[in-house]
Amino acid sequence: MRASQFLIATLKESPSDAVVTSHQLMLRAGMIRKLASGLYTWLPLGLRTLRKVEAIIREEMDAANAMEVLMPMVQPSELWEETGRWFQYGGELMRIKDRHNRDFCIGPTAEEVITDLARNELSSYKQLPKNFYQIQTKFRDETRPRFGIMRAREFLMKDAYSFHADQECLNQTYERMHQAYTNIFTRLGLDFRPVDADTGSIGGAKSHEFHVLASSGEDDIAFSDSSDYAANVELAEALAPNFECPAASAELTTLDTPDQHSIEEVSQFLNVDPAQIIKTLIVEGELSEADQKKGIKAPLVALVLRGDHELNELKAEKLDGIASPLAFASEAQILDQLGCKPGSIGPKDLNIEVIVDRSAAVVADFVCGANEDGKHLSGANWQRDITYSRVADIRNVVEGDASPDGQGTLNIKRGIEVGHIFQLGDKYSQALKASVLDENGKARIMQMGCYGIGVSRVVAASIEQNFDERGIIWPKALAPFQISIVQIDAHKSAEVIERSEALYQALRDLNVEVFLDDRDKKTSPGVKFADTELMGFPHRIVMSSRGLKNGIVEYKGRTDEKNDAIELPGDDILDFIKQKLAL
RNA sequence: CGGGGCGUAGCGCAGUUUGGUAGCGCACUUGCCUGGGGGGCAAGGGGUCGCAGGUUCAAAUCCUGCCGCUCCGACCA
């Protein structure tokens, strides 16, 4: 491609609404332009990279025996009503009506459509397993689109769905997909981790998320420093401390703590380490539907944590007796049932169930709320002063915790979720009655797996991991062009033109994606260098009259400090470049 | 959803407090110069100041409503 014919849409300054690196650089390099909130046009440069990601995914999916299909983006409401999701989904589901006033949605995912296909096309266990995938635009009307391509409303996703006669078969495909994903993200040149993940509302079986490690990520990933254990912090188990609760050594005392509510305030006011303070959160208990209908109010439950720990809502709501989704008690409820305001609550003598976190259960001589406004207790101890009904794991793991697999300690880093695989079981196949006949001629509901990759998000995630102050640094696999040839002084040196055109043609003949910067003399060398670096091409050749006079052509890799000289006429330029490009 | 900020040329911004001819930098066009790290000089083109209504002799500026964009938050215990 010639620069003179390409859309070079680089910007010196980045638009003020871009806050993360990938968003800024994608705009500045001229890869994308915003159309509206969460909606982006891919410009020629960006699209080249997007297509590369697609190609790698296709190769690995095909190699794993998945078949590509393409389903409509617009989906009829009937299917969504069959699975119940038409009613469950919130505002994220973009609902539209056609001219006949029939309901449709713009697909945020395609379980309904693929399962409908499967129930119509698959009839025998002999046809299984089958794994279908597509690379298709998805739409989720996010409450808060942000970070550019990273959390856009319209995005490109590879989604795959597998169908099986039994769990064993599903397990095999699941493992095969896990391997395919590992291959894909490795080929994409990303620093990633497969992590144990929450199966969410789908429940049950296995699930792994693939995260690219980057400080701008939206999820916290906990991983062991000495094994391959990795899990979303939401899910990582906080092991029970390996020691018993120390014996009490302090007197129980009531202290005045006027207007000191948060752990931080109490800690400073009393000069006590937050780890010696116990905090008590009040949430709503579980209520049967029958009781709910009778208008019975939900009981309250106290969750007790060490002051320096955070509640893990996911863990808490999974406990028996606690409302799911988790609901914090209102100030009015607390005042009404416990007789004091939040901020002064403690576990002592509460007439409700008290569930204590494993770590909080081994703290002695602690400070906690006194259940009286403006007062806290110090020197409090379990058993002697306060009782509880249950000990459970209800906190988020923190850096330095023991790894749940018993090997090493945990590190925590931010991750960008780029892939997610999970076993759906029969949730959708059951709802849509997708069955095949088994060996005995009996109808059997198929087991399903589903496997997604955020194709457009991968592009942004790669940039988050690979950039410097000059711009993007593409790994070979994603670079829109492998090499640029920068012409300098072309207007007054026929040799520069001759040589660079010859090299351009030679590289094209080798199927190298080469970018010839033949922009006219109004475009200064500095501009050409800056654009090449901003757009992140891995290799650069400079062809100038000065260089040619001295018998050299210059080469520089995107991350190299200095230019390399290719001596003329001795060196063969093409050989040199082929070696650099690893051809 | 809750709270904050911002809408002025393609991009980045000033001007709004205190109403009085709409500006700057980058980008763009033309000419000359320059010619190895985002050039110089000169001359230009480009704006319903987000939209609607109101106050006023006069509104980018003051008032009201709406729309859009954006950031933060959604555990005081």
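Which of the 47 residues around RNA strand B come nearest? I began my entries with this point and found Arg144, Ser262, Ile263, Lys521 and Ser544. I counted a residue as near a strand if one of its heavy atoms lies within 4 Å of it.

**Entry: basis of the work**

I note that this is a predicted model, in which local features need pLDDT of at least 70, side-chain atom pairs count only at pLDDT 80 or more, and totals for chains, interfaces and linings use all residues. Residues are numbered from 1 along each chain as its sequence is written, chains are lettered from A and ligands numbered from 1 in the order in which they are written, and side-chain values use heavy atoms, with hydrogens and water left out.

**Entry: the surface near RNA strand B**

I looked up the classes of the residues on this surface and recorded 15 nonpolar, 12 polar and 20 charged. Here Ala, Val, Leu, Ile, Met, Phe, Trp, Tyr, Cys and Pro count as nonpolar, Asp, Glu, Lys and Arg as charged, and the others, Gly among them, as polar.

A polar backbone atom of Lys521 is 2.2 Å from a base nitrogen of RNA strand B. Helices (H or I, at least four residues) and strands (E, at least two) are DSSP runs, numbered from the N terminus.

**Entry: cavities**

I searched the whole structure and found 2 cavities of 30 Å³ or more. A cavity is a set of points, on a 1 Å grid over the protein atoms alone, where a 1.4 Å probe fits but cannot get out; lining residues have an atom within 4 Å of a point. Grid points are joined across faces, edges and corners, and a volume is the space filled by probe spheres set on the points.

The largest cavity holds about 40 Å³ of space. Its lining includes Thr532, Phe537, His539 and Arg558, and α14, β28 and β29 (552–557) each supply at least two residues of it. The second largest cavity has a volume of about 40 Å³. Strand β7 (residues 130–139) gives the most to the lining of the second largest cavity, with 4 residues.

I traced an open sheet of 5 strands in the order β27-β26-β28-β29-β30, with mixed pairing; two strands pair if DSSP finds at least two bridges between them. β27 (514–517) and β30 (564–567) stand at the edges with a single partner strand each, so one side of each is left without a neighbour in the sheet. Strand β26 (residues 483–488) runs parallel to β27, joined by 4 bridges, and Ile485 stands opposite Leu516 in β27.

I also recorded an open sheet of 3 strands in the order β4-β6-β5, with antiparallel pairing. In β6, Ile106 is the bridge partner of Val74.

Key. Polar contact = N/O pair within 3.5 Å; in protein donor to acceptor, adjacent residues only side chain to side chain. 1 Å grid on protein atoms, 1.4 Å probe; cavity = no way out; pocket = protein on both sides within 12 Å on 5 of 7 lines; lining within 4 Å.
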